[in-house]
Amino acid sequence: MKRALFITFEGGEGTGKSTQTALLAERLRKSGRQVVETREPGGSPDADAIRQLLVSGDTGRWSVTAEILLNYAARESHLRQTIVPGLDSGAIVICDRFADSTRAYQGYAGGGDKDLIEQLDRNIVDDAQPDLTLVFDLDPCIGLERAGVRGGDDRFERKGLDFHNRLRDGYLVVAQTFSDRCSIIDASGTIEQIAASVWQAVEPHLEDTK
Ligand code: TMP
């Protein structure tokens, strides 16, 4: 029986998630599947407007609580306008970052209120939880260098190495907490090696979607 599938890609800066999101989407489309490729913060016109507020300006522009609220406001629009309609149409929805980014960036790295995050998650994401989450793990020194080469300069990339070390540890805790849906991907290899790990994690979930 045909079943929709919601896959999220997570990880710190420069881990190669966005490249791998595009490669997976292409491979799935080539196999004849319908795919919706999206990203956070953003993914709907209103959420894209909130993204601009989040990624630009001084590093201290928003309190961590404001960041949590802005991300969940954007997520509410994204779910309603893009993710849920995509899943309802039977597509595989692939999302570059989702709620685990708020858990890791604002909760673990930023020291924000984890209970507030879970309360918002129950209200806003509710039962539209990802079926599979790929957590890209990489030494932040390598990731930040890659992001720098790429020309990245958003508020979060400028937060310093301590923040990014807490972020990596936070993602590993998130992967353990939600181990039923999370797979850790070693992001230190070549693009081809990482793509192979991604496919190994995704393939078992595809049977029901054929
Ligand atoms: P990007 O670089 O993957 O496009 O994401 C933009 C930044 O937003 C990135 O540094 C991570 C950050 N972010 C959060 O801090 N919390 C969130 O909930 C999300 C979705 C992203």
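# Side-chain contacts in a predicted model

At 41% relative accessibility, Arg29 counts as partly exposed, a class that lies between buried (under 20% relative accessible area) and exposed (over 50%), as found with a 1.4 Å probe on protein chains only. The model is predicted, so local features are given only at pLDDT of at least 70 and side-chain atom pairs only at pLDDT 80 or more, whereas totals for chains, interfaces and linings use all residues. Residues are numbered from 1 along each chain as its sequence is written, and side-chain values use heavy atoms, with hydrogens and water left out.

## Charged pairs

Side chains of opposite charge can pair when their charged atoms come close. Arg29 meets the side chain of Glu37 in a salt bridge with an N to O distance of 3.4 Å, the term standing for a side-chain nitrogen of Lys or Arg within 4 Å of a carboxyl oxygen of Asp or Glu. Glu37 is itself partly exposed, with a relative accessible area of 38%.

The structure holds 12 salt bridges, and one of them joins the side chains of Arg97 and Glu13 at 4.0 Å, N to O. Arg97 belongs to the loop between strand E3 (92-96) and helix H4 (99-109), and Glu13 to the loop between strand E1 (5-11) and helix H1 (17-30), so this pair ties together parts that are 84 residues apart in sequence. The helices (H or I, at least four residues) and strands (E, at least two) named here are DSSP runs, numbered from the N terminus. Both partners count as buried, Arg97 at 12% relative accessibility and Glu13 at 10%.

Glu76 and Arg80 form a salt bridge in which the closest N and O atoms are 2.9 Å apart; these two residues are 4 residues apart in helix H3 (residues 64-88), and about one helical turn therefore separates them. Glu76 counts as partly exposed at 32% relative accessibility. Elsewhere, a network of salt bridges links Asp100, Arg103, Glu118, Asp121 and Arg181.

## Aromatic rings

How many aromatic pairs does a search of the whole structure find? The search finds 4, where rings of Phe, Tyr and Trp (its six-membered ring) pair if their centres lie within 6.5 Å, and where planes under 30 degrees apart count as stacked, over 60 as edge-to-face and the rest as tilted. The rings of Phe6 and Phe98 have centres 5.1 Å apart and planes at 80 degrees, so their pair is edge-to-face. That pair links distant parts of the chain, since Phe6 is in strand E1 and Phe98, 92 residues apart from it, is in the loop between E3 and H4. Phe9 and Phe136 form a tilted pair, at 5.6 Å centre to centre and with 35 degrees between the planes; Phe9 is in strand E1 and Phe136 in strand E4 (residues 132-137), 127 residues apart.

| Residue | Relative accessible area and class |
|---|---|
| Phe6 | 1%, buried |
| Phe98 | 2%, buried |
| Phe9 | 0%, buried |
| Phe136 | 3%, buried |

Ring pairs also link Tyr105, Phe163 and Tyr171 into a cluster.

## Charges over rings

Arg75 lies over the face of Tyr72, at 4.5 Å from the ring centre, and Lys114 lies over the face of Tyr108, at 4.6 Å from the ring centre. For such a contact, NZ of Lys or CZ of Arg must be within 6 Å of the ring centre and within 35 degrees of the ring normal.
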